[in-house]
Amino acid sequence: MLKTLKSAERVFLLIKKQFPFNVSSVSKGKIFNEMQRLISDDPESWLNAISIWKNLLELDAKKEKLSQRDANLLKRKMRENDTIIAKKLKAEHMQETRENRECQPEKQIEEETLEQGDFLSERVTFQEELQNDVAKAADAHNQNDLTFRVSCRCSGAIARTLSAQEVGRIIGIALMKQFGWKADLRSPTLEIFIHLNDIYSVMGIPVFRVPLASRAYIKTAGLRSTVAWAMASVAEIKAGAFVLDPMCGLGTILLEAAKEWPDVHYVGADVSDSQLLGTCDNLKAAGLAGKVDLLKVSVIELPLPSGSVDIIISDIPFGKKFTLGKDIRSILREMERVLRVGGTLVLLLSEDLRGRLQDGDESSAPPSSRRSHSDAPAAEQCLSPKEENGASETVASSLEASNQECVHRMPPFGSLVPVESYKVSLGRTDAFICKYKKSDPSGL
């Protein structure tokens with residue numbers, strides 16, 4: 001059930017959550033002592049969390065074994081049924097030719113009964129073997145055999161005082177002293193995650209080793225799948241809608257949307273051949289070939305009629321792998337043109353870009369607020385890759401969705417009216433999922 005979550009980056013078993021450490025008026029030594037006491041003062045909560053974690057691992061392993069064994073048993077049963085049917089046919093044939101012998105049917109029934117008994121005994125043996133396997137797994141994960149590593153993330157005031165490496169070392173030493181666990185940085189059986197910031201101090205155990213953003217159906221990762229799915233969800237896609245991503249990159253947004261909302265007309269556009277080829281590969285790998293139309297065009301020269309698109313969803317380049325050759329307002333004006341009245345626009349914006357739009361920065365915008373479609377610049381001037389082989393989209397760092405609606409709103413321009421925005425963390429940088437609606441210019 002947890003593995004089906006679409007917008008969660010990672011799921012943790014919570015061990016401890018408390019107020020942030022006070023780093024303003026105490027020494028490092030005192031902070032270290034307080035961290036160690038999180039373990040030594042309440043070891044029971046750690047052991048309880050480890051027990052739950054073990055049970056989850058054993059349950060997952062049990063389900064996999066049951067699934068595989070049941071499949072094998074089903075195949076075996078089908079083969080046995082075929083054998084039984086063949087024997088029945090042979091018995092009937094023999095009964096026709098040798099009617100004077102009446103013992104054959106009784107013998108046949110006896111054979112069938114013995115075969116069914118063998119099948120039942122094999123299933124009992126399988127259940128006993130499974131119980132033994134689970135018991136062995138539990139023994140293998142006893143306290144002294146556990147290996148672990150500590151993953152730490154610090155932000156805010158504590159990050160200016162302590163490094164993540166220092167915190168990880170202190171917690172690691174405390175765990176080894178308290179429980180006798182062994183540290184293993186490369187292939188541990190257990191990972192302890194610690195997040196310290198100005199709001200809280202949290203310790204937990206990741207339920208899954210692989211982040212949920214690592215979708216099995218995506219061949220080449222670009223934008224985080226969790227962010228892409230969240231953007232599509234915010235757009236509130238309905239069946240029969242025309243959905244456009246005018247800067248689709250590797251197509252992650254369109255792919256996630258098409259997986260979740262299939263009965264929709266999807267179109268992706270980009271100026272990069274390599275990005276469009278990557279999109280094609282991803283769509284084929286996900287079983288979505290032919291479900292998304294792709295165009296090589298500029299985001300400010302879209303070959304679409306005005307007011308023809310229901311929903312636009314796009315990741316605006318942050319300037320790391322791609323740079324914008326034109327002001328964001330030129331891009332938004334073209335999006336506004338093709339979007340129908342009442343249509344939805346969802347953008348992923350960097351903190352800097354969102355701030356500029358909030359402040360109404362017009363310094364780099366063209367004098368005209370509504371330039372026509374015909375005099376837009378060429379495609380290459382709008383979006384230029386910094387690297388020729390750009391095989392990934394703007395964002396590739398981890399996502400932590402905050403689900404907190406931001407109170408700031410971008411000033412209206414043209415007919416695009418801000419509706420809501422959500423702050424998301426992309427690891428070392430923050431971004432915003434911003435939603436707009438196109439209003440009727442006449443005010444009706």
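The residues D41 and R37 form a salt bridge, with their closest N and O atoms 3.0 Å apart. A salt bridge here is a side-chain nitrogen of Lys or Arg within 4 Å of a carboxyl oxygen of Asp or Glu. Side chains of opposite charge can pair when their charged atoms come close. Both D41 and R37 are exposed; in these terms, buried is under 20% relative accessible area, exposed is over 50%, and partly exposed is in between, for a 1.4 Å probe and protein chains only.

Before I continue, please note that this is a predicted model, in which local features need pLDDT of at least 70 and side-chain atom pairs count only at pLDDT 80 or more, while totals for chains, interfaces and linings use all residues. Residues are numbered from 1 along each chain as its sequence is written, and side-chain values use heavy atoms, with hydrogens and water left out.

How many salt bridges does a search of the whole structure find? The search finds eight. One of them joins the side chains of D310 and R340, at 2.6 Å from N to O. D310 lies in strand β9 (residues 309-315) and R340 in strand β11 (residues 339-350), so this pair ties together parts that are 30 residues apart in sequence. Helices (H or I, at least four residues) and strands (E, at least two) are DSSP runs, numbered from the N terminus. R340 is partly exposed, with a relative accessible area of 33%.

Another salt bridge joins the side chains of E420 and K435, at 3.9 Å from N to O. Because E420 lies in strand β14 (residues 416-425) and K435 in strand β15, the pair ties together parts that are 15 residues apart in sequence. Are E420 and K435 buried or exposed? Both are buried, and K435 has a relative accessible area of 4%.

Let us stay with K435, which is placed in strand β15, residues 430-438. Its side chain makes a polar contact with the side chain of E236 at 2.7 Å. A polar contact is a pair of N or O atoms within 3.5 Å; within protein, one must be able to donate a hydrogen and the other to accept it, and residues adjacent in sequence count only if both atoms are side-chain atoms. E236, E420 and K435 are linked in a network of salt bridges.

Helix α5 covers residues 225-235, and ten of its eleven residues are buried. These buried residues pack against α6 (252-260), β9, β11, β14 and β15, where contact means heavy atoms within 4.5 Å.

I turn now to rings and charges. R354 lies over the face of F432, at 4.1 Å from the ring centre, and K17 lies over the face of Y200, at 5.3 Å. A charge sits over a ring if NZ of Lys or CZ of Arg is within 6 Å of the ring centre and within 35 degrees of the ring normal.

Finally, the cysteines. A disulfide is a covalent bond between the sulfur atoms of two cysteines; the cut-off used here is a pair of cysteine sulfur atoms within 2.5 Å. The search of the whole structure finds zero disulfides. C248 is buried, with a relative accessible area of 0%, whereas C280 is partly exposed, at 30%.
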